[in-house]
Amino acid sequence: MSRFAGKTVVVTGGAMGIGAACVRRFASEGAVVYIADVDDAAAADVAAEVDGARFVHCDVSKAEDWEGLAETALREQGRVDVLVSNAYALRFGAPHELPEDDWDLVQAVTLKAAYLGMRALAPSLAAVDGSVVAVSSVHAHASYPGFAAYAAAKGGLGALVRQLAVEYAPAVRVNAVVPGPIMTRQFAGMSPESIADEAGRTLANRMGRPEEVAAAIAFLASADAAYITGAELAVDGGWQVRHR
Ligand SMILES: NC(=O)c1ccc[n+]([C@@H]2O[C@H](COP(=O)([O-])OP(=O)(O)OC[C@H]3O[C@@H](n4cnc5c(N)ncnc54)[C@H](O)[C@@H]3O)[C@@H](O)[C@H]2O)c1
């Protein structure tokens, strides 16, 4: 498939995990892909490995970094067709234990970044009938101890996605994927028993792979999803069905 030939894609948090899988997927389908990340070494490795990938240092919680990224992509490619808003921050704790700085960090990187990205890129996306895919989480819909900041940010992201779909229709489609447990560094340090426990909460009875989330993101960003906007697509192996 070459659904993204001639197109420019921005992937935040593209240096590893689901973001890096997106970089590989969009590039394999013909796109030039900008990795917007703060981990310069990991991002540079992905950019070097993947044909068509480039790295721009961008802390997604900083408006000036978004302006720099937009300026670079537009100067070099003349267009931005797709934004994948994937970077996040996670800090655990009930509110009385959670430092205010941690709360602010989670909201800034996980939620505010989607607003900043849209502020920087909406005119360019609208000019080419582009599309946005935000990466949410099952924690937007299910409540577990310790997840207050993250769940609030992801829940807000879901509302923001619907709002952005309204604001920028019909030119820009805006959707979200809602991953369940996906085998990235979040789980890398866990024991096999904990991972098996996590996998057992899904109907698929296994962890998801980053590539499986990237495939859903590429679908939503592509013309195959031309009549889909303001939607959430679960990519969770049935996790939410079991926990409803
Ligand atoms: N892995 C899972 O099980 C899972 C489940 C549900 C949702 N998600 C969501 O999927 C997305 C990706 O998760 P992952 O597991 O692939 O993460 P990951 O930790 O493997 O990668 C996250 C990337 O984001 C980058 N990043 C962090 N802060 C940043 C900032 N301020 N600016 C720019 N980049 C920054 C990191 O450097 C890293 O490259 C996140 O939105 C996460 O909430 C993951």
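Author: A polar contact is a pair of N or O atoms within 3.5 Å; within protein, one must be able to donate a hydrogen and the other to accept it, and residues adjacent in sequence count only if both atoms are side-chain atoms. Thr-184 gives a case here: an N or O atom in its side chain is 2.5 Å from an oxygen atom of the ligand. This is a predicted model, in which local features need pLDDT of at least 70 and side-chain atom pairs count only at pLDDT 80 or more, while totals for chains, interfaces and linings use all residues. Residues are numbered from 1 along each chain as its sequence is written, and side-chain values use heavy atoms, with hydrogens and water left out.

Reader: Which polar backbone atom is 3.0 Å from a nitrogen atom of the ligand?

Author: That backbone atom belongs to Val-60. Gly-180 also takes part through its backbone, where an N or O atom lies 3.4 Å from an oxygen atom of the ligand. The ligand taken alone exposes 840 Å², and the protein buries 94% of that (Shrake-Rupley areas, 1.4 Å probe).

Reader: Which residues around the ligand come nearest?

Author: To be counted as near, a residue needs a heavy atom within 4 Å of the molecule. There are 29 residues around the ligand, and Asp-37, Asn-86, Tyr-150, Thr-184 and Arg-185 come nearest.

Reader: Which helices and which strand each supply at least two residues of the shell around the ligand?

Author: Helices (H or I, at least four residues) and strands (E, at least two) are DSSP runs, numbered from the N terminus. At least two residues of the shell come from each of helix H1 (17-28), strand S2 (32-37), helix H5 (148-168) and helix H6 (185-188). H6 gives the most, with 3 residues.

Reader: What does the side chain of Thr-110 reach at 2.9 Å?

Author: It reaches the backbone oxygen of Val-106. A polar atom of the Thr-110 side chain also lies 3.1 Å from the backbone nitrogen of Ala-89. For contact in general, the cut-off is heavy atoms within 4.5 Å. By that test, and leaving aside neighbours within four places in sequence, Thr-110 is in contact with Ala-87, Tyr-88, Ala-89, Ala-153, Lys-154 and Leu-157.

Reader: Which residues does Ala-122 touch, not counting those up to four places away in sequence?

Author: Ala-122 touches Gly-117 and Tyr-168 on that count. Ala-122 lies in helix H4 and is buried, because its relative accessible area is 5%.

Reader: Which side chain does a polar contact of 2.8 Å join to that of Glu-232?

Author: The partner is His-141. Glu-232 is found in strand S7 (residues 232-235) and counts as partly exposed, because its relative accessibility is 32%. Not counting residues up to four places away in sequence, Glu-232 touches His-141, Gly-158, Arg-162, Ala-176 and Val-178.

Reader: Where is Ala-215 found?

Author: Ala-215 is in helix H8, and it is partly exposed, with a relative accessible area of 28%. Ala-215 and Arg-25 are 190 residues apart along the chain, yet their C-alpha atoms are separated by 7.2 Å.

Reader: Turning to the backbone, which peptide bond is cis?

Author: The bond from Ala-169 to Pro-170 is cis, with omega near 0°. Pro-170 is found in the loop between H5 and strand S6 (173-179).

Reader: What phi does Asp-129 have?

Author: Asp-129 has a positive phi of about 50° although it is not a glycine. It lies in the loop between H4 and strand S5 (131-135) and is exposed, with a relative accessible area of 59%. Asn-205, not a glycine either, has a positive phi of about 60°. Asn-205 is in the loop between helix H7 (192-200) and helix H8 (210-221), and its relative accessible area is 56%, so it is exposed.

Definitions and conventions. Buried < 20%, exposed > 50% of the residue type's maximum accessible area, 1.4 Å probe, protein only.
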